[in-house]
Amino acid sequence: QIDVSYHTLDNGLRVVLSEDSTVPTATVAVYYGVGFRNEPRNRTGFAHLFEHLMFQGSENLPKGDFDSLIYGSGGVNNGSTRFDFTNYYEVVPSNALEAVIWAEGDRMRAPIIDQEVLENQQGVVENEVLVNVINQPYGGWIWIDLPMLANENWHNAHNFYGDLEDLRAADLDDVQAFFDTYYSPNNAVLVVAGNIDANETLGWIEREFGSISASTPADPVDVSEPRQEEEKFGEIYDRLAPQPALGFGYHMPERGSPEYYAMAVLDQILVQGDDSLLNQRLINEEGYASGVFGGINLLGNMYNYNGPMLWSVGMIHDDAYTHEEIMVSVDEVIEDLRTDPVSQEQLDRAITKLRSQFYGIVDSSTRFGLVDLLAVFALFDDDPTRINRIEEGFDQVTPELVLATAQEYLRPTNRSVLRVIPDPDGTLGGDTDSEE
């Protein structure tokens, strides 16, 4: 049982507090309800760019002073952009908490974003795209390109890391409109967990955030995906890849449904750990590759997204094998699970692994996993106490439910297959940038 108290300020800011005195620190996180899916058309990568802009100083903390405050107190801070949120977080000694709450309030109220800041961070993000995707072997193959192949809705199927032309085209009007729409208290959740006094902390939050004006809520974005009825295939020619790679993904059941929990069990059985079925077959028996990886939401975990998602699997394999023969072995493993129920022993083992994984998320010394789940459950479900009911979902999974879920969601017509073809001379595929 996680201690949870939940409050909403008059301006709509949702506040989650969790007292835990085991470590003398406090973890603070502000989550805004905007991510890759919400960014404007023709401005791909804008949500990520804006995350960078929010680190460039605020009215009472010029650039660098925020970091100085955190690191000078012995803490750490960072931020990230994901499918459905952008977050900013700090871990500090408890005696620095009041100052951090003041600093986050200042950043929400009045960030400093001018033309110089914008141009500087456009360059930083462009360089990040070049380093992490375009000039990286395999680039965005499994985490950008596969969703773009599998999904039909633009909001789920665009290059969320950013096309360079879109990043360069962003201007201050775009920045102001984005801030006014999404970076407001009524589109945010503030979580504080750790060695705190909840009542005192809530008072500090009300003082620093309560006067920030709410904005007109953004129009809801339709992120729904049609049921996939035909298997999809795609390929990328990569000048930097030394070996071929193969990835495939299946559309997930709705988050929080019984089938969602059953799919998490199938993920454990199929690809998580050395004892997983795909690892045993593809690596130990067939020797196609040295490793196989995968999971639900490769940019986070199975809990912290809100919308269509893929269960994905990938491997970099020996060029002596074709993708066709690898997929034959994959199909044989998966079809067994679509034909016969898993044993109770398999189910129990998978759920034990899921419990262990869940405990690992919520019980880290930084408490970041804990505040992450509290924040997303408040942001997506308006119910951070859901963290104390997660295990109930796994307890309701039966072999019969696992079989029915495999039959519907692991069917070949729900699958997209993407392969990476080494092309060192650039002669096979023409323009070979990994982002395309």
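For what follows, Ala, Val, Leu, Ile, Met, Phe, Trp, Tyr, Cys and Pro count as nonpolar, Asp, Glu, Lys and Arg as charged, and the others, Gly among them, as polar. Keep in mind, too, that you're looking at a predicted model.

Start with the largest cavity, which holds about 140 Å³ of space. It has 14 lining residues, and if you want to find its centre on screen, pick out Phe83, Trp143, Pro147, Met309 and Leu310, which lie nearest to it. Two elements each give two or more residues to this lining: helix H5 (141–150) and strand S12 (310–316). H5 is the top contributor, with 3 residues. So what is the lining made of, by class? Sorted by the definition above, it comes to 9 nonpolar, 4 polar and 1 charged residues.

Now move over to the second largest cavity, with about 60 Å³ of space. Much of its lining can be followed along one part of the sequence: Met54, Phe55, Gly57, Ser58, Leu61, Pro62, Lys63, Gly64, Asp65 and Phe66 are among the lining residues, and Arg107 also takes part. Which elements give two or more residues here? They are strand S4 (57–58), strand S5 (61–62) and helix H2 (65–72). By class, this lining divides into 5 nonpolar, 3 polar and 3 charged residues. Lys63, Asp65 and Arg107 are in that lining, and Lys, Asp and Arg count as charged.

Terms used. Residues numbered from 1 in each chain as written. Predicted model: local features only at pLDDT ≥ 70, side-chain atom pairs only at ≥ 80, totals over all residues. Heavy atoms only, no water. 1 Å grid on protein atoms, 1.4 Å probe; cavity = no way out; pocket = protein on both sides within 12 Å on 5 of 7 lines; lining within 4 Å. Points joined across faces, edges and corners; volume = space filled by probe spheres on them. Helix = DSSP H or I, 4+ residues; strand = E, 2+ residues; numbered from the N terminus.
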